[in-house]
Amino acid sequence: DVTVADMLGVPCLSADPEVSRLYSTTSGGKIIFADAKVPVPPSEMGLYSEQQMFAGLASLVTNNLHVERWMFKIDDEFDSRGIAYCDVIKHLECYDWAVKESQRYGEKWTKKWAQEAANGRIAAELPSILEIHVVISNKSAYPTWEKYVAAFIRGDECRGGGVIEAAPPIHSITSLTVDFFIDPLRNIQLTSWGDQIHDSPYHVCGVSVPQASVDPPQLESLTVAIAKSCCNRGIIGYVSVDFVTFIDPLTMNQQVWAVDLDVQYSDSLAMCQLFRYVTGGNFDFSGSGLFEMPIEDRLETFEKQEARRRKALREWEEDVLVRKRPTAARFAVMSARLCHTNLSIIRYSVFFQMCRAHTIGFDVEERCGCVFTLVDSSIRSHLGMICISEDLQSAITLFSRNLSIIHQEISAPTMPGSSNFKATALELRKIAGVAEENESNTFAETDKPNG
């Protein structure tokens, strides 16, 4: 990008490449989060040797004996390629003894001298535990633990190092992504947010928008704090932040952790921009948090034409129109990473004929339905899809239905193909179940008699 901008003699809307590279690493994101003073999981960063890695994990486990799963993240990897995880305390023989030690010391357990014996025993067990029980997220990139460790501790001027951090101490969690934009004058603007959809552990294949997991003012406040920290460190352009939220089993309060930061224009933002285009709507970040669209576009166009003929009153009339214009909410499920190998043998014209035959399409008047994004004619096995509806449940159902129809039409018993359709559909069913349960609980609360 910098080379092209230099050749054309135009500015490049980004920070210095070295700044972007530094803060797009896992350790760099931790620096931003610490500066912004936002909640983060217990972690150790900047680990560049095997000794540091085992010592850091032993210290984390000793200080957080309630945490079951610990995650390893290689600094310079992307998506889930550099992630590995292990449920350490399940396999720790000295765990029960360590818990008794922590109870015996009570409040003094935070002191290094109190933890010394436990830390030593835990550190001694870790190498064998990790060698046998660690799970590597992307086996094609790192087929063995030895190769993963070699990449993790590789430390030169350009690459290497990583982070160990706690996974939430509960299995029921929600991950979400927030995108924001910092212009050259350091103005901050939120651009999109949504709950993540995974087709395998820690691998994001899409989002449902708008996000429905965290109170909008709280999420906006956390994001703005991170954005201000980015500004202070010379970052401009598009930035994407990942959060996880869960109910803490110890306090029964909702927790929100910032876990990842990327200085880039994300897939989720690109799909949300298309969502904006086909509906004419936008997010209400500071209010309801919903995605709202105007429902009187024709009237708006007429009024604007009248305003052009009356230039002196144009700004006033448009302001009145915007304030009085009614809106309607829209929900969407979207993925830019759908893949099915059998799609590569089907021409786009045949694919869209199939979609029309099964009423897979978009209603321009209602601004509901399905929109596809085509990656490239030479990579037809990949495509993106956005399903838009008036409520989240319907959007999820529509997305799952379309996946099922496409899979059935392009698959055969002798040629099933390889895809992430099934895994994505299973994840959507879980989300739909949670959404239905939340809706039922909401109605139950409102139906309770007063007093």
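The crossing of helix 3 and helix 9 is right-handed, a term used when the near helix is turned clockwise from the far one by less than a right angle. This is a predicted model, in which local features need pLDDT of at least 70 and side-chain atom pairs count only at pLDDT 80 or more, while totals for chains, interfaces and linings use all residues. Residues are numbered from 1 along each chain as its sequence is written, and side-chain values use heavy atoms, with hydrogens and water left out.

**Helix 3 and helix 9**
- The axes of helix 3 (residues 26-36) and helix 9 (residues 216-232) come within 8 Å and cross at roughly 110 degrees.
- Helix 3 and helix 9 are therefore roughly perpendicular to each other, the word used for angles of 65 to 115 degrees.
- Ile32, Phe33, Asp35 and Ala36 of helix 3 meet Ala225, Ile226, Ser229, Cys230 and Asn232 of helix 9, where contact means heavy atoms within 4.5 Å.
- Sorted by class, this contact has six nonpolar, two polar and one charged residues.

**Nonpolar cores**
- In the largest nonpolar core, which has 41 residues, Ile226, Phe243, Leu261 and Met334 touch the most other members; such a core joins buried residues (under 20% relative accessible area) through side-chain atoms within 4.5 Å.
- Helix 9 supplies the largest share of this core, six residues.
- Apart from this core lies another, of 37 residues, among them Trp70, Ile129, Val149 and Ala166.

**Glutamate 427**
- Glutamate 427 lies in helix 15 (residues 421-447) and, not counting residues up to four places away in sequence, touches Ile197 and His198.

Note on methods: Axes are lines fitted to C-alpha atoms, for helices over the stretch in contact, and angles run from 0 to 180 degrees between N-to-C directions. Helices (H or I, at least four residues) and strands (E, at least two) are DSSP runs, numbered from the N terminus. Angles under 35 degrees count as roughly parallel, over 145 as roughly antiparallel, 65 to 115 as roughly perpendicular and the rest as oblique. Ala, Val, Leu, Ile, Met, Phe, Trp, Tyr, Cys and Pro count as nonpolar, Asp, Glu, Lys and Arg as charged, and the others, Gly among them, as polar. Buried means under 20% relative accessible area, exposed over 50%, partly exposed in between (1.4 Å probe, protein chains only).
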